Amino acid sequence: MRLQEYQSKQILAGYGIPVPVGFVTNVASDVKQIAEDLDGQVVIKAQVAVSGRGKAGGIRLAKNPKEAQELAAMVLGMNITGLPVRKVLVEQLVRITDQVYLAIILDRNLQQPVLLASSEGGINLEEITGYMTESVIRIPVDPLLGIHDYQIREVAASIDMPREYWRSFIKIVQGMWMAYNDCDATTVEINPLVLTPEKEFLTLDAKILLDDNALYRHLDLIEKRDMDVETELEREAHKYGLSYLSLEGDIACLVNGAGMAMLILDELKQNGGHPACFMDIGEIVSPDKLSIALKLLLSDKTTKVLYIHLFSWEPSCNEVAQFLVNKLDSSLPVVARLSGKDSFEGMKYLRDAQIITASTLNEATQNILSILKKVEYDEHLN
């Protein structure tokens, strides 16, 4: 879950990280008064939870309150990468003498957080993690011990930051680390962190990504979810505590566990399969969750085959199999793999009901691809 810029800044400000003075509104006529209160020159920033707002024209500089209102009306009427702009952040114009990139991200390869910094502020995360590796400082962070001051001083020295700013810089990085932990974030990014002529740091732009699996601990943050970035099926799934990911293929996948979902995705991709979506019902396989998940998955008419891969101990796989047989739509081909308590009995029950089963991931993938070839052949004949 990605927070909008103003939401990210509100959180960071709560940890003592300096942010520009600004106000959020969804009414263009309010912007003139806001600009007057901010001494006339302001920045109008579209609030959508995507990157590339500046390139799309969603960030505008206004020289006076009248122009600010006109630009706000223009921005509020925009769509950026298909998302409507419903709010704008109006901030005081900040004069800059220097800028840096700063972030704490979850590195899934290292399986721990990493502090990233670069003297080249304004570049995006894809550049940071991709080809621009020489200019980026990377400090692995022990999740139990946190970021030490000496590590932050090492970063400051590496990006040639004058010593007079180190104390303030340390407070900012430590504030970011606290926000990262307290919010169960996967990314806390300030890009750029700027230095003003008054020798003060300011967070010019910020981004926070939250771990969806930990949102149950943050009901206040769930309320900040931007519904415009989600499909109708994703919104429905979230209502019931399910995780739904929409893709562009033709294989619907019903799983319980994000790790297994990634393994299935890799297996399908390597063999030429293309998932249409993943529905993760969570660790506990309950009839209620299964019923809702199946209803949502089967409502997607682009799906050509349903792949079910579940681990269950209580209820047993045999009970899960009986429930599935009663709920599945016979018109859609299904491949299933169950593991856990009474998995042998459960798989037999499915086979007796004419549902294709598989004992391994590779076997399931090959069965799915065979079904898709037959479906495509039948479509060609028709």
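**Salt bridges and a helix pair**

Q: What kind of model is this?
A: This is a predicted model.

Q: OK. How many salt bridges are there?
A: The count comes to 11 salt bridges.

Q: Which residue meets Lys45 in a salt bridge?
A: Glu5 does. The two side chains meet at 2.7 Å, N to O.

Q: Where do Lys45 and Glu5 lie?
A: Lys45 is in strand β2, residues 42–46, and Glu5 is in helix α1. So the pair ties together parts that are 40 residues apart in sequence.

Q: Are Lys45 and Glu5 buried or exposed?
A: Both Lys45 and Glu5 are buried.

Q: And what about Lys9, which residue does its side chain meet?
A: The side chain of Lys9 meets Glu91 in a salt bridge, 2.6 Å from N to O. Lys9 lies in helix α1 and Glu91 in strand β6, residues 88–92, so this pair ties together parts 82 residues apart in sequence.

Q: Why is Lys9 called buried?
A: Because its relative accessible area is 4%, and buried means under 20%. Glu91 is buried too, at 3%.

Q: Which residues are linked in a network of salt bridges?
A: Glu5, Lys9, Lys45, Arg53, Glu91 and Asp205.

Q: Now Lys66 and Glu70. Where are they?
A: Both lie in helix α3. They are 4 residues apart, about one turn of the helix.

Q: Is Lys66 buried or exposed?
A: Lys66 counts as exposed, at 54% relative accessibility. Glu70 counts as partly exposed, at 44%.

Q: New topic. At what angle do helix α2 and helix α3 pack?
A: About 145 degrees. Their axes are 8 Å apart. Helix α2 covers residues 28–37 and helix α3 covers residues 65–76.

Q: Is the crossing left-handed or right-handed?
A: α2 passes α3 in a right-handed crossing.

Q: Which residues meet there?
A: From α2 there are Ala28, Ser29, Val31, Lys32, Ala35 and Glu36. They meet Pro65, Ala68, Gln69, Ala72, Ala73 and Leu76 in α3.

Q: How many of those are nonpolar, polar or charged?
A: The contact divides into 8 nonpolar, 2 polar and 2 charged residues.

Q: Last one: where is Ser8, and is it buried or exposed?
A: Ser8 is in helix α1, residues 5–13. Ser8 is buried, with a relative accessible area of 0%.

Q: What is Ser8 in contact with?
A: Leaving aside neighbours within four places in sequence, Ser8 is in contact with Leu3, Ala206, Lys207 and Ile208.

Key:
Residues numbered from 1 in each chain as written. Predicted model: local features only at pLDDT ≥ 70, side-chain atom pairs only at ≥ 80, totals over all residues. Heavy atoms only, no water. Helix = DSSP H or I, 4+ residues; strand = E, 2+ residues; numbered from the N terminus. Buried < 20%, exposed > 50% of the residue type's maximum accessible area, 1.4 Å probe, protein only. Contact = heavy atoms within 4.5 Å. Axes fitted to C-alpha atoms, helices over the stretch in contact; angles between N-to-C directions. Left-handed = near helix turned anticlockwise from the far one by under 90°. Nonpolar A, V, L, I, M, F, W, Y, C, P; charged D, E, K, R; others polar. Salt bridge = Lys/Arg side-chain N within 4 Å of Asp/Glu carboxyl O.
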